[in-house]
Amino acid sequence: MEYIQVLIFTLFAIIAPSTSNTNLFGGRCSRGDSNVDACLLRSFNNLVDHLKGGAPELGIEESDTIVIDELSIALGGGPDGYRATFKDIHAAGVNNMTITNVRSDLETHQFQLTLFGPHISARARYRSSGVLLVVRASGGGDYWGEYDGVKAKVYFRGEPYDRDGRTYLKLKQLKLDFSVKEIQMGVENLDNSNAVLQAALNLFINTNAQELLKEMKPELKRDLADKMSRFLDRILRKIPYDDWIVD
């Protein structure tokens, strides 16, 4: 859930330095530099730090909270299998994310970035149905989550092409993954004030936090990859590649 803002920071860090904004990027990196990845790491983090305070020149407002519309999980099959849908998910703390490593292959225009965030908080509304821990878990309420030690990787590959005398990249592939070291989460304010159900849900959730995250990841990764691919492709059409990598 926290991953969307991480990716947005990453993508802007990669693509933002147009001719008028190279200072935000921290300068161009040379293809012939044996330490080009270290140069890219410094430059990307320079822009990420700038974005944390908002960047009107790039159309970015200052914000430490991002929103995901909806996410669903399913545990078990059959008519009594547990199903839950989380809506209006708000994640805070994303501004503390930093890029910790960059690996690039400039010959094939491939980039992999590793990111780390110490803490992310999430809040959402949820609805559920089915049986959980022999308790009928149909209803809804508020979800909260605290995520410590968030690590993420973003990989993308581009293809260069010329337009109006400049070189641009067209996005050909994007992948992403993430992990969380420690998780605490639960539900509250359940419909009909069902204390028994709330206790059962919180016991299950905190006992199986990593497994629940694993159930969430496939849908979340597909959604994020689709959104970020369309976003990155649209931006790459506007920002020349030769504004951030030079010979």
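Hi everyone, and thanks for coming. Before we start, please keep in mind that this is a predicted model.

Let's begin with the disulfide. A disulfide is a covalent bond between the sulfur atoms of two cysteines. How many does the structure hold? The count is 1. The partners are Cys 29 and Cys 39, and their sulfur atoms lie 2.3 Å apart. That falls within the 2.5 Å cut-off for calling a pair a disulfide. If you look for the two ends, Cys 29 sits in strand S1, residues 29-30, while Cys 39 belongs to helix H3, residues 36-51. The two cysteines are 10 residues apart, and the pair links distant parts of the chain. Are they buried or exposed? Both Cys 29 and Cys 39 are buried. Now for the handedness: the torsion about the S-S bond of Cys 29 and Cys 39 is about -90 degrees, so this disulfide is left-handed.

Next, the cavities. There are 2 cavities of 30 Å³ or more, and the largest cavity has a volume of about 110 Å³. Which residues come closest to its centre? They are Ile 73, Tyr 82, Phe 86, Ile 205 and Leu 212, out of 14 residues that line the largest cavity. Two strands, S3 (82-92) and S9 (166-188), each give two or more residues to that lining.

What classes of residue make up the lining of the largest cavity? There are 14 nonpolar residues, with no polar and no charged ones.

Note on methods: Residues numbered from 1 in each chain as written. Predicted model: local features only at pLDDT ≥ 70, side-chain atom pairs only at ≥ 80, totals over all residues. Heavy atoms only, no water. 1 Å grid on protein atoms, 1.4 Å probe; cavity = no way out; pocket = protein on both sides within 12 Å on 5 of 7 lines; lining within 4 Å. Points joined across faces, edges and corners; volume = space filled by probe spheres on them. Helix = DSSP H or I, 4+ residues; strand = E, 2+ residues; numbered from the N terminus. Nonpolar A, V, L, I, M, F, W, Y, C, P; charged D, E, K, R; others polar. Buried < 20%, exposed > 50% of the residue type's maximum accessible area, 1.4 Å probe, protein only.
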